[in-house]
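Hi,

Here is the structure I promised to pass on. Have a look at it first, then read my notes below.

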Amino acid sequence: MVNHVSLSETFNKDEERVNWHDETLWWIRQKRDKAAWQIPEWEELREMASQIKMNTLSNLHDYLLQFEKNALANGIVVHWAADADEHNKIVYDILTKNKVERIVKSKSMLTEECHLNHFLAEKGIDVIDTDLGERIVQLADEAPSHIVLPCIHKKKEEIGELFHRFLGTPEGNADPQFLTAAARIHLREKFMTRRVAITGVNFAIAETGEFVICTNEGNADMGAHLSDIHIACMGIEKLIPQRTHLSVFLRLLARSATGQPVTTYSSHFSKPLAGQELHIVLVDNGRTRQLGRPDFRNSLKCIRCGACMNTCPVYRRSGGHSYHNAISGPIGAILAPNLDMKEYADLPFASTLCGSCSNVCPVKIDIHQQLYKWRQVLTKEGHSPAAKTAAMKVMAGTLSRPGLYRFAGKAGRWFMRNIPWLTNNRLNPWYKQREMPAPPKESFGEWFKKMRK
Amino acid sequence: MNVGLFIPCYVDQFYPGVAIATLQLLEKYGCKVGYPAGQTCCGQPMANSGYEHLADSCNTLFVKNFAEFDYIVCPSGSCTLHIKEHLHDNASPAEAKSIRSRIYELSEFMTDILKVESISSRFPYKVGLHQSCHGQRGLYISQMSELVAEPFSKPGKLLQMVEGLELVSLGRSDECCGFGGTFCVAEEAVSVKMGKDRVDDHLKNKVDVITGADMSCLMHMEGILKRQKSNVRVMHIAEILTQW
Ligand code: SF4
C-alpha cells in the first residue's frame, strides 16, 4: 500500500539525497529565522495576522458577498465553484467559449488541488506552467513536492538532464543561470502566443474587490498582461477584509517563505485591462466543511508560505511526495483528511508532534495540536488497522492494572514488545537500526519497595 | 512539601537509575517524596496513537495515585505535558484539573519551585543538551529557536551549575530526535534518520555525554549510538546533577 511510511522508506534508501534535501530546506529555515529577527515585533505581527484571519473566517459569508459585489462593480466576472470538479468545468467552459486550446498558467496550489492540468489535458487543452519550478516538475511529469518550491526535490543535474531532453540544452550543462535563461526563452514564446492565462491568488480583498498575486519571477504578471482572458482561481479562505490588512500579510509571507523581506512582485489586480476579460473563480472544495469542524477550522488561516514544511524534521527527511497530496508537509497533513479521511488517514501520523511547525506558522495555526486531534478522529471513524486497535487495547488494559503491569514488566519488559503491530514481518522495527537498553536487574518499583520500607 | 514521584513506565522498566537520581535530588532539596506503588503510565502511548478514548482507566488510576500530593514531579517532559494537557477523569473532574496544574517536569520544578541556585555536583565532561520537544515547545522549559524571543533554558541553567561540566553548543539547537512515541516504530525509516542526524550533531561537537530531560529521546539516541559502537553515552539530567 502506498502511504507515508512506504514512500518515505523509499526516499530514505538514498541517504545522501536525504541529507541534501534536509540541508537545503534547513538553509531556508535559517534564512527565515534571520528575516524574522529583523522585525522586533515579529511575534505581534503573527498574532495580528492570526486574528485578522480569525475575523475573516468568522464572517466569511459576509466578506465573500462583499468581495463579489465589489469585484463585479470593478468589471470582474465572478464564478462560484462548490468543488474541484465544478471549478475545472468553469475553467473549461471559458476556454471552449473562446475556442482556446493552449494556455499558460502561473503557480496556483488550488489548481493543483483540483487536478486542473490533468482534467484539461484529457480534454485536449495544452497547459504550460510558467513558474520555473512548476515547469520543471511538469516536464518531469511529476507533482510539485513543495508549495513554494515545487521542484526542491530535484538536483540541478537532473534539471539539466530534463532541459536537455525537452528544451534542447547541451547535454551535461547544469549551470542554473544558463538553464534559467533557456527556460526564459522557452517560456517567452508561450507568453507571446497564448491568449488565456490562469493564475492563483494570494490575497483577495473584500473591501475593494481586488486581488493580489505574489511571485518572484513575475510570470503571473507576464501571463496576465499578455493575455486576452485572465482567469484567477482561489480558495474562498484567501480573503482578507481590508486593504490595510495586506501590510501585515505581505510582511509575513515572504519572510516566512524564503527569508526575503518581500516577494519581487506583489501585483494588484482590480479590473480588466481594456479589451481584456478578467474572471475569478471562488472555490469551496471542502473548505466550508473544514470551517464547520471547530478543532480544524484554524487550518483555513493558511497563507501557503511553506514555512511549516521547511522546518518540519519529518518533511525534510521524507520529501514532499511522501504525503501523496497536492499540499504536503504538516499543513497538508491537516488539510488532506478533510478531503478524504480514508485516503489520507496516514498523514496525521507522519509526525513526531514536535511542534516546530506551529511556531514558525505566520498565522499561528496550531498545526501539531490538530495532528493530534486528527489522530483521534481518524481512529474513531474506523480508519485504523485492526491489529493496531487490538494491540492498543492490550496496552491500555495492562497500563490500567498495576498488578498486571508489574507482572508483565517482570515477564519481559512488555513495553517494546507491545508496539510492533505495524509490520507484517515479525521483527520489531526498533531493532533494525537501533539497540534496546539492556534490561536492568530490577525496575524502579521493585528497587523502591526493597529499599524504602 | 509533599511531592509525588511519577516515574514513567519505560523509565521504571529500563532506567531505574534515572528514577533513583530523581528521588535523591528531590530529597536533597528538602522534599518529602512519596512514590505511589500502583502507578503505571500517563496514557500517552495510546493517546498519541489516536486511542485517547482507551486511556480512561489509565487516567482514573493516575488521579487515584496522585491526588493527595502538593506537587507531582516527573523526570520526563513528554509525560508531564501529556498529563497537563490531557488528564481527565469523569468520576473526579476537579481532582484531575488540579493535578494538571500541580505536575512539573523535574528541571522546571528545580528552577521554578525549589528555586535551586547552586548544585554541589561535579562532572568534568563535555556535554551536549538535547532539547526534547515536548518539554521545550510544550512545557516551555527552554526558549524555542523558531520564536523571536529572549533565549533561556531551565535544564541548561542547572547544567551550568555543575562543576567542570562543559556545555557545547550544537549546530541545530532544538531539532527533534525522531523518537515521537509510537512514531519510532511506525515510521522507522524517518525516525532513525532523524535520530542519526541528531546524534551526528553531538558527535561533531565532540561531546562525551548527551543529556536531556526526557529519557525516551535519549533511549532512541542511545540505541543508535550503541549500534554505531560509539563510546558516547547518554545520561538523564538527574544522573548528572547527582554526581556529587
Ligand atoms: S500552515 Fe502556516 S506555516 Fe504552513 S504553509 Fe500555511 S501559513 Fe505557512
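The largest cavity holds about 410 Å³ of space. A cavity here is a set of points on a 1 Å grid over the protein atoms alone where a 1.4 Å probe fits but cannot get out, and its volume is the space filled by probe spheres set on those points, which are joined across faces, edges and corners. Searching the whole structure turns up seven cavities of 30 Å³ or more.

Bear in mind that this is a predicted model, where local features need pLDDT of at least 70 and side-chain atom pairs count only at pLDDT 80 or more, while totals for chains, interfaces and linings use all residues. Residues are numbered from 1 along each chain as written, chains are lettered from A and ligands numbered from 1 in the order written, and side-chain values use heavy atoms, without hydrogens or water.

Back to that cavity: 32 residues line it (an atom within 4 Å of a point). Nearest its centre are B:Gln44, B:Ser78, B:Phe179, B:Gly181 and B:Ser216. Helices (DSSP runs of H or I, at least four residues, numbered from the N terminus) giving two or more residues to the lining include H21 (414-417) of chain A and H12 (215-227) of chain B.

Now try helix H16 (residues 329-339) of chain A: ten of its eleven residues are buried, meaning under 20% relative accessible area (1.4 Å probe, protein chains only). The buried ones, among them A:Ile331 and A:Leu335, pack against several chain A helices, including H18 (367-380), with contact meaning heavy atoms within 4.5 Å.

Finally, 14 residues surround the ligand (a heavy atom within 4 Å); the closest are A:Cys302, A:Cys305, A:Gly306, A:Cys308 and A:Cys361.

Cheers

Technical notes
1 Å grid on protein atoms, 1.4 Å probe; cavity = no way out; pocket = protein on both sides within 12 Å on 5 of 7 lines; lining within 4 Å. Buried < 20%, exposed > 50% of the residue type's maximum accessible area, 1.4 Å probe, protein only.
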